[in-house]
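I opened my notebook for a friendly look through this one. Here is what I looked up, entry by entry.

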Amino acid sequence: MALMRQLISKQNIYLQRQHNLRLHTPLLFKGEKSLSSSQVKPRLRLIPTPGIVEEKIKPGLKVLLLNQRTNNLSRRIDDELSLRQVNVTTVEAQSSDRMVNAVQEVKPDLVICPFMKARIPEALYKENTSPPCLIVHPGVVVDRGASSLDWAILQQNVEWGVTVLEADNFVDSGAIWSTANFPVPPNVTKSSLYNNAVSDAGVACVLYSVSRFCQEIEPLSKVDFIEAMGFSGLKRNMKHADRMVDWTMPAEDILVRVRMSDTTPGAIGHLYIKNQLTELRLFDGHIENEKGALGHLLKSYKPGVQVATKDNAVLIKCGGNQGVWIGHMKQGQKGLKLPSDRLLANALPHVTGPCGYQDIKEIRCGPICFLFFDFYNGAMGTRQAYRLQSHLKSISEDSDIKLVALMGGERFFCTGIHLCELESSINKLEDALKNINAIDDVIKTVAEMRNKTVVAVLRGNAGAGGAMMAAACDITIAHPGVFITPTYKAMHLYGSEYWTYFLPRRVGPEMAARLTEGTNTITARKAASIGLIDTVLGKDSAGFADEATEFLQKLVHSDQNAKIIQSKLRERNASWSRTLEQHRQAEIDNMKICFQSRKFLSAMHNFVYKK
C-alpha cells in the first residue's frame, strides 16, 4: 500500500510539472510527435493528461464503442462524442468473433472499449491496417489488473485514477493515450466510485484521447513509463479469501471489504440462520458508533452475534466491542439479495433511536428541507415506502418549510418496486400490490404539498417508478452523468406512480407514449431537451452537491417559487384530487393484470438472478 501511494505521488509530480508548463508549451510538447514523424522519442515523455493539449475532435469521425455490456460510462461517452458530431456506433460483444465482426462491419477510424473484461483479440491490434483499439482502465498509470477498484478501496488509497490504454498482448500494458487522477471519497463503495469519479474521469480521458488521435499525437509508451517509475503495478485478481469477513476484525476492516465488494460479488461472512451457520454475501455496511445503551449492549455479546435490527438492517457484533450494520445480504453467490432482517429472520430487539444505520434522513436548513432516502440499489420496498411517506407527512405539516428537496440516494435516486423482495414472496400478487400502492402513497403525499415547492434532485440514476416520482415534482434537476429510464416495458408492466397524469403534462402525450412504450435509458441532457428534467447543472458529479444547494437557495427566495406555490394552491383542489385518484385506479387495475402475467414473472426472475 505504501509503495502504491509513493508511485502515485511520483506520478503526480509529473502531472504537476505538466500543469505548470501548460501556458508556455506549444501544441506538440517536447517528446510528443506526429504519427508520421521519425523523431526519436525520449525515455519518458510528459504524461498525457486532459487539458494539456487543446481539444480538437473532427466532426464525422467514426468511432466504435465495444462493450461487454452497455453501462453508464459507455452511455456517457456515446453522449459526449455525439455532441461533438462524432459518428458513434455502440456494440455489445462478449466473444472475440463478435468483436472482430463488429470492427469489420462498422469500419471505424477508432475503437474504444469503455467496459470490457474479456481479452481483446489480437486481430484488433496486431494488424497494421487495424484502427487503434483503446481500453478504459479504472486505475492510475502505474496500475494493472482486473481488480483495480477493489484493491484501491481495500488499501484505502486517498487518490485513484483512470487511464486510457492501447490494447496490447499483456494486461493493461499498452501505450498511454490519457490519464487523470481524482480523490477517493472516504467510506465510498466500489459501485459509487465507479459511477461517479471513475465515470467523470473516464469521459474526460476518452475525449482527450480522441482529440489526440485526431491531431495525430502519438501516445506514451507504457514500457518507457514503467521503466522510469521502476514498478509494473500488476496486481492479481481478487480471491474469495480477500473478501472474507472475520467478525473478530475491527469494524472498519469489515466495512472496507463490504465496500470494495459492493453490488458484486459481495463480501463473504458466516452468520446463523435458524441455528445453522450459513455463508452469506454482505452488502450495504455501516459502522455503529453510539456510546449509549446500544454501545453497552454490544459489549455483552461475542463477535459474530446478531445484536439488533433497525428498519431492514441487522447489527452484528465485531472486534473491539464495535458493531456493523448490514443492510442487505444474500445466501451464497446465486441467492437473492434481500433486506438483512428478512433473510436472517431471527427475533432481535428493534432499535428506534439514533444509530449508525439511517437510510432516510432529514436535514433542515432554514426554509429548505433536504430529504435523503438512500435505498440500496434504489429499490423501495413496502416498509421503506411507509417510512418515507411518514417523513413526508411530517414535513408537509411544517409551515416553516417552503421548499422540499427530494435527494434520493447517491447512486440511485429511486428505481421503484423492490423486485428481489417480490421474487422471494410466497404471495407475489398481494405483496406486489402492497408495494406499488405504498409507493403511490408516497407520490400522492408529494403531489399534495400545495404550500411548498418540491424539487427532485437527481444525484443518481432514476429508473421506472423513480423516474415517474421525479416527473411528479414541481422541478427536477440533475448533473450530466445521470441516466433516466422512464419506462416499465422491460419488466412487461403497465406502470403506476401516477405516470399517466404527470408524465404527459411534462413531455406531452405523444412523447409520453413513446417513452413508456420503449425500453430506452436516456441521458440527463436528452431528458432536459424533452422537458422531463428542468435543469442540468455542471459538467459532472463532482461539483453537483454545491451547485444544487446554490440552485435551491436561490429558488426558495425567488418569484418562481412563489408562483409555483400560488399555482398549486389554486389548481390542486378537490376536483384535482378526484382526477388524480382516477388515474391511479386505472393504473393499479392494469398493474394487477401485469403482476399475474407470465411475461412479468419471467422478466423479474431473470432480472434478479441476472440471467
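**Strand pairing.** I began with β17 and β20 (residues 461–463), which pair in the parallel sense over two bridges. For pairing, DSSP has to find at least two bridges between the strands. Strands here are DSSP runs of E with at least two residues, helices are runs of H or I with at least four, and both are numbered from the N terminus. Across this pair I found Cys414 opposite Ala462 in β20.

**A note on the source.** I kept in mind that this is a predicted model, where local features need pLDDT of at least 70 and side-chain atom pairs count only at pLDDT 80 or more, while totals for chains, interfaces and linings use all residues. Residues are numbered from 1 along each chain as its sequence is written, and side-chain values use heavy atoms, with hydrogens and water left out.

**The whole sheet.** Next I traced the open sheet of four strands, in the order β17-β20-β22-β23, and noted mixed pairing. At its edges I found β17 (412–414) and β23 (522–523), each pairing on one side only.

**Cysteines.** How many disulfides does the structure hold? I found zero, taking a disulfide as a pair of cysteine sulfur atoms within 2.5 Å. For Cys369, the closest cysteine sulfur is in Cys365, 10 Å away and too far for a bond. I then checked exposure, where buried means under 20% relative accessible area, exposed over 50% and partly exposed in between (1.4 Å probe, protein chains only). Cys369 is buried at 0%, whereas Cys365 is partly exposed at 40%.

**Helices α10 and α12.** I looked at α10 (residues 382–396) against α12 (residues 428–447): they pack at about 15 degrees, with axes 9 Å apart. That makes the two helices roughly parallel. Axes are lines fitted to C-alpha atoms, over the stretch in contact for helices, and angles run from 0 to 180 degrees between N-to-C directions. Under 35 degrees counts as roughly parallel, over 145 as roughly antiparallel, 65 to 115 as roughly perpendicular and the rest as oblique. Among the residues in contact (heavy atoms within 4.5 Å) I listed Tyr386 and Leu392 from α10, and Ile439 and Val442 from α12.

**Helices α14 and α15.** Which way do α14 and α15 lie to each other? They are oblique: I noted an angle of about 120 degrees between α14 (residues 499–507) and α15 (residues 509–517), with axes 7 Å apart. On the α14 side, Trp499, Leu503, Pro504 and Val507 take part in the contact, and their partners in α15 include Met511 and Leu515.
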